[in-house]
Amino acid sequence: MKTANFSLIQAGLSVEGNIIADHGLSCFGLVGGDLLSSVGLVHVGAEGLVRGTVQAEHVLVDGTVEGDIVARVSLHINGRVKGRISYAGTIRLGPNAILEGTISRVSGVGYEAPGPGAEALEAAPTI
């Protein structure tokens, strides 16, 4: 039996740099960089803020994304997005959704792994 892996960026945690995972992520803190997952769900929680690209199979935004979103299967927005939105499956806008940018449905979106020389993850506590 396979167990699900999931990483959490808690409220009060600030990360400067790209976060790349092969499993699900949930962000309730601040990420100053891209949030990329090759498999699973990326959730930006109600108090979460991502200043960069969010890319995953499933994307759920309850907080704020200031950057582009690429959802390969499903996208649910009930928060604020300022950037270009691309999705290949389904999209759902909740009653609190605020969008500033463009929405494009594409026939298929593949996972784009970062190229060589991508910066390593650096975590810095919020002061």
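Is serine 37 buried or exposed?

Modeller: This is a predicted model, where local features need pLDDT of at least 70, side-chain atom pairs count only at pLDDT 80 or more, and totals for chains, interfaces and linings use all residues. Residues are numbered from 1 along each chain as its sequence is written, and side-chain values use heavy atoms, with hydrogens and water left out.

Serine 37 counts as buried because its relative accessibility is 0%; buried means under 20% relative accessible area, exposed over 50%, and partly exposed in between (1.4 Å probe, protein chains only). Serine 37 belongs to strand β6, residues 35–37. Strands (E, at least two residues) are DSSP runs, numbered from the N terminus. From its side chain, serine 37 reaches the backbone oxygen of valine 39 at 2.6 Å. This is a polar contact, a pair of N or O atoms within 3.5 Å; within protein, one must be able to donate a hydrogen and the other to accept it, and residues adjacent in sequence count only if both atoms are side-chain atoms.

Glycine 52 sits in the loop between β8 (49–50) and β9 (54–61). Glycine 52 is also buried, because its relative accessible area is 11%. In sequence, glycine 52 and glycine 32 are 20 residues apart, while their C-alpha atoms are 6.5 Å apart in space. Leaving aside residues up to four places away in sequence, glycine 52 touches Gly33, Asp34, Val65, Glu66, Gly67 and Asp68, where contact means heavy atoms within 4.5 Å.

How values were computed: Helix = DSSP H or I, 4+ residues; strand = E, 2+ residues; numbered from the N terminus.
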